[in-house]
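Trainee: Please take me through one part in close detail, and then show how the surrounding pieces connect to each other.
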Amino acid sequence: MEKTMDLTLKVWRQKSANSMGAFETYAVKDVSEGSSFLEMLDTLSEDLVEKGKEPVAFDHDCREGICGSCSMTINGIPHGPEKATTACQLHMRHFHDGQTITIEPWRAKPFPVIKDLVVDRSPLDRIIQSGGFITSRAGSAVDANAIPISKATADYAMDAAACIGCGACVAACPNASAMLFTGAKVSHMNSLPQGKVEKDRRTLAMVTTMDGEGFGGCTNIGECEAACPKSISLDMIAHLNRDYATAQVKNFFKPVA
Amino acid sequence: MNLDSKIPEGPLSEKWSSHKFNMKLVNPANRRKYSVIVVGSGLAGGAAAASLAEQGYNVSCFCYQDSPRRAHSIAAQGGINASKNYQNDGDSVHRLFYDTVKGGDYRAREANVYRLAEVSSDIIDQCVANGVPFAREYGGLLANRSFGGAQVSRTFYARGQTGQQLLLGAYSALSKQIGLGKVKMYNRHEMLDLVKVDGHAKGIIVRNMATGEVSRHASDAVVLATGGYGNVFFLSTNAQGCNVTAAYRAHKRGAGMANPCYTQIHPTCIPVHGDKQSKLTLMSESLRNDGRIWTPKNAEVAAMIRKGETDPNTVAEDDRDYFLERKYPSFGNLAPRDISSRAAKEACDEGRGIASTGLGVFLDFRDAIKRDGKNTIKERYGNLFDMYQCITGDNPYETPMMIFPAVHYTMGGLWVDYNLESTIPGMFVGGEANFSDHGANRLGASALMQGLSDGYFILPYTVGNYLGEQGVAAAGKVTTEHPAFAEVEANVKARIDKFLTIGGTESPRSFHKRLGHIIWEQCGMARSKEGLEGAIKDLQALRKEFWTNLRVVGDADGINPELERAGRVADFIEFGELMCRDALMREESCGGHFRVEHQTEDGEALRDDENFAFAGVWEYKGDDVAPLLHKESLIYENVKLATRSYK
């Protein structure tokens, strides 16, 4: 039989974007240590429904750490205490009987709360929409092996592309900066030969959008990398800074469009 | 119900190109006069929305997640097939076509499958061009691996996150079009019904899940790419939000539902741990390239392992039953999914299962690590091993993984013709939501291929052809002011009110669990006449109870997860009954559908080609009226029907 635990939860409850929120305290009992953090929240929800109360709203979908939906700060850390783990993949064996756990939404100005733990992360989509793509109309591609790409380059691009767009980096940053998110996409696309054509345009457009959405600047604190469930490296920010500087210089002499 | 499959004339290899030539074209200047709705933003929906917008159509795209990048295509791990023959190992379009028809146990439409194999190479080119970082060899060329059900290396992959990378590729193409204003994206919107005008699909009714607002959207054509119905089992590898509502609502509006009993139980999932579990996690099938599947030969040894009294590593070689290698020597651990899953179930039925529940078998990397070294295995599967350890707390480098089959993919879905058009004119269906390409069983790494084939290379042509046939005078004629919209919208609102006012005592999740239990027991890996008949009665009773004893807390004015689940479960209950009826009708065993009455002496599936070589298509006739069965005969002109053997 699996071990179980009783917990005290302090959960952020907020009816809507415009209403005031507050912490509510709940007790949950008999949580099995093999269940995931979100399954523990499911148990709380069922208890609340049983009492005719509204369950806690939170974003979640795949529950296997890849869709990037889940977005909650657990005991002050986005996605909780386990390194390189999303909240949905965080298992209760990392907590102990009698523990008090505080759960709140991403706290960042560009991510307004919609309800309880649910926030609006559409600014991240808009950063991608402004330049996070490599133009290739369906039907226009050359043979996939026509451009050999070194394994090192492909691996680097994959490291960058592993970002799941959850926004933990923004939530962890005292400046609410989205540099790790943006840097990862820029590094992924700018490092591949097929992405080089739009490199300067992409970099400038994405940074402009990022700033316009109200994300703060990067001051090299490193909280983002520590909180990232996919361990995206700070090097991606360095890569972005490098490409941004180059693009700006080029743009100064000859606008890149 | 008209089941004209519209398969083009001519030899198999020329059908698609001659069909494309015969299609009606829409002048580029006229395309902006048309609008198309795409529901779903996964591989099929995202790629279709992006491609249609690139062509110049006005697209509205809807997804229930907070961003199109989160569609469940993202969770596919292993890879995507293509008949590139980059490994020079005898692959070809025809071989991929043949493998897919055979893998589907001869229950798919030849012409569709051939086209899929034909465009598979274009998909890889397209994905590389838009930046998908596929694995590469040191020489810079693309790497491949082999996958269940195939004897060639034709699978392209991006570590263990191929689905993620392909989806992000489609998402970036879609994002570009959103940024350009050619696609209007509706996040957190759920389609709750389809609107027909003069028999043609002309729009949808959606609910904004963040604000609760119900709204009407009109278009000249509708594309559903809303995924599969695996969550009818409650526990599956699907995402929590995956549901059948859009497809089932369309079915109730007249779209034929084909082969709903064809469901795929994936052999390599992490076993169930308890009754609070919300989902099952898949371990990529690619693990079967190097892992060996076994249980103890002796039930007593298995019992000791279950109790934790015996370390599996100490079980001697002679006491292990590598049952797939024993039963299927030529395919071994790479036998197709349906066969591997059933073999695991049999071992557990004999009391030889492991894991605390007895519902598990080992997937052991001991020999692979000995042969290739830990680093090589880590390079290949590192992230999967980490994921396994994260969930179970066990280290698979040291102790064998435990796996058990779980519901993963659904081959059945809305019936479509060669153009991917449903029985409702103007409504197209792509990806897992349609029934077309995988027959009764899908091969590994073929879902991503099909989603992108539909989205990038088929729907953009066939939707255009439909719009061209309607003529430019028809573009934008129907608006949301048409009375049909008001009527359907009123129905949707009334249904939401009904959920909130039943005032019973049982939660939607509780009903969902009960539904899942019935379906898993009676319409899961093994099905019988008696069991299915009982299940149909149980489901009818459950439906009655649902509508009288449901309790939905909260209101309809904003995010309400209980209300969302209530709507989905209501449709799943009805759909589950249809599934059981389909399974009951199909008096044979084929692919993922195994009827205990129809098996060979050594327990293999027994197909009945004489009587069941057809797609079973159901027509909705009313809530308390039995649905009507129609048949599309499957005619095999290029493949000889044979007993599928992987021995």
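Mentor: A:A84 is partly exposed, with a relative accessible area of 40%, in what is a predicted model. A:A84 is found in the loop between strand 4 and strand 5 of chain A. Its phi is near 55 degrees, a positive value in a residue other than glycine.

The loop that runs from strand 4 (77-78) to strand 5 (100-105) of chain A also holds A:Q99. A:Q99 has a relative accessible area of 16%, which is under 20%, so A:Q99 counts as buried. Leaving aside residues up to four places away in sequence, A:Q99 touches A:D6, A:L7, A:T8 and A:N75.

A positive phi is also found in chain B. Phi of B:N259, again a residue other than glycine, is near 45 degrees. B:N259 lies in the loop between strand 10 and strand 11 (263-269) of chain B, and is buried, with a relative accessible area of 1%.

Strand 10 of chain B leads on to a sheet. Four strands of chain B form an open sheet in the order 16-10-18-19, with antiparallel pairing. Strand 16 (413-414) and strand 19 (628-633) of chain B stand at the edges with a single partner strand each, so one side of each has no neighbour in the sheet. Strand 10 (residues 257-258) and strand 16 of chain B run antiparallel and are joined by two bridges; B:A258 stands opposite B:G413 in strand 16. Helix 17 (residues 561-585) of chain B lies across strand 10, strand 18 (614-619) and strand 19 of chain B, and runs at about 140 degrees to strand 18.

Elsewhere in chain B, the buried residues of helix 1 (residues 15-22) are B:K15, B:W16 and B:H19. Seen down the axis of helix 1 of chain B, these buried residues fall within an arc of 90 degrees, so they line one face of the helix. In general, an α-helix has 3.6 residues a turn, so residues three or four places apart point the same way. The buried residues of helix 1 of chain B pack against helix 5 (110-129) and helix 13 (447-470) of chain B.

That leaves the interface. 75 residues of chain B are in contact with 74 residues of chain A. The two chains bury about 6,000 Å² between them, 51% of it on carbon and sulfur atoms. Nine salt bridges are found across the interface of chain B and chain A. B:D66 forms a salt bridge with A:R121, with the closest N and O atoms 3.2 Å apart.

How values were computed
Residues are numbered from 1 along each chain as its sequence is written. Chains are lettered from A and ligands numbered from 1 in the order in which they are written. This is a predicted model: local features need pLDDT of at least 70, side-chain atom pairs count only at pLDDT 80 or more; totals for chains, interfaces and linings use all residues. Side-chain values use heavy atoms; hydrogens and water are left out. Buried means under 20% relative accessible area, exposed over 50%, partly exposed in between (1.4 Å probe, protein chains only). The arc is that of the directions from the helix axis to the C-beta atoms. Contact means heavy atoms within 4.5 Å. Two strands pair if DSSP finds at least two bridges between them. Axes are lines fitted to C-alpha atoms, for helices over the stretch in contact, and angles run from 0 to 180 degrees between N-to-C directions. Buried area is the accessible area (1.4 Å probe) that two parts lose on being put together, summed over both. A salt bridge is a side-chain nitrogen of Lys or Arg within 4 Å of a carboxyl oxygen of Asp or Glu.
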